[in-house]
Amino acid sequence: MPEAQDSSTSRAVTLAVIVAALGYLVDIYDLILFSVVRIPSLTTLGVPEAERVDVGVFLLNMQMLGMLVGGVLWGVLGDKRGRLSVLFGSIFIYSLANIANGFVDRFGAASIDVYAVMRFVAGVGLAGELGAGITLVSELVSKEKRGYATTIVAGIGICGALLAVGVSKVATWQQAYWVGGVLGLLLLGLRIGVVESGIFSRVRQTAGVSRGNFMSLFAKPARARRYVSVVLTGLPIWFAVGILVTLSRELGQAMGMEALPDPANAVLAAYIGLAIGDFGSGFLSQLLKSRRRTIVLSIALNLVAIGCYFTIGRTSLFAFYASVLLLGIANGYWAVFVTVAAEQFGTNLRATATTTAPNFVRGSLTVISLAFIQLRDHGAGPIWSAVIVGGTVGVISLLAVLGIDETYGKDLDFLED
């Protein structure tokens, strides 16, 4: 009988990892798809070339605003109702929003406004997937193997960007959105066999335990320090994706490149690097037995990669895409980042923290992009604006590592009082 139970438990854990990984793959597909189809979609909607950067930043910010709202919503629900309810609800919403995004060109003069609303709704849906998946997997897998499991989830999920680029090459931008929506709806069927976390189930049956109270993250100085520090350590990742990769064509033009980068190819190079970096950083954190040292090494490499982007990268398209690949590898510590977020907090706040932290990092792109635009429009120019913002973000994130606890091998069966 024990062997049968062990086999059943092993299958449950394996299914949870597979479902979380595929769910995150579809999540990343939609998350990055706008960056891939930004130019063709805005061209179809009649946006003049001179306005595409600002309109694109506006639409991206609407998506990120949705993720901020959704991060809190799904995080609280994850601790109150369970990890599985968030996995089902989030993918259902962003799948429908994805499909709707493919129809925004039907609204004439109101198309940009409808596009913005749909990116916001998609952002709300996208906000729950990663946090709920990582929380569930972290609580199901043993502490010795937890880092490997979350790395598999994040590493496979990142490949969703490669799928988005591939689909965009053979389909219209409308069809690319529809594909993402259909994939999400198909994935819902696979989730039926996934079991809830045993750790969470025990807490839910315990009387007097407050669960999913977002403000509790700030109730004590030490807890608030941990949470804010976790968020700040992830800032370089979305600066790289949101500014250096998404605006690669415009930055290439500002650097005087004769052949301008294709944003879709830049996304492809970046996410190949991110996939390599996710697997590499996750395994490195297991090898070093340290999440903190792995994050420090990644951020330091990121600063080097930014330098390569603006120096070596301008010499040719090959050099540019190579520097973007390096940028992706450097910022591929997302797997370690979300694992740290899950490991820092007790079961009654774990989903709240693990779901909100990545979305606040993603939402920080709103502030980062506004800082970039303000510097650009007030004399710094696009290149120095990106360098200043990227350097500042890197230094802040390095200092933030001092505020997080080392959590490698930590037992997660505990509560925040």
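Trainee: Why is lysine 289 called exposed?

Mentor: Its relative accessible area is 53%, and exposed means over 50%, buried under 20% and partly exposed in between (1.4 Å probe, protein chains only). So lysine 289 counts as exposed. Bear in mind that this is a predicted model, where local features need pLDDT of at least 70, side-chain atom pairs count only at pLDDT 80 or more, and totals for chains, interfaces and linings use all residues. Residues are numbered from 1 along each chain as its sequence is written, and side-chain values use heavy atoms, leaving out hydrogens and water.

Trainee: Where is lysine 289 found?

Mentor: In the loop between α11 (263–288) and α12 (291–310); helices are DSSP runs of H or I with at least four residues, numbered from the N terminus. Lysine 289 also has a positive phi, near 55°, though it isn't a glycine.

Trainee: What makes leucine 284 buried, exposed or partly exposed?

Mentor: Leucine 284 has a relative accessible area of 28%, so it's partly exposed. It lies in helix α11.

Trainee: Which residues is leucine 284 in contact with, leaving aside its neighbours within four places in sequence?

Mentor: Lys289, Thr294 and Leu297, where contact means heavy atoms within 4.5 Å.

Notes
Helix = DSSP H or I, 4+ residues; strand = E, 2+ residues; numbered from the N terminus.
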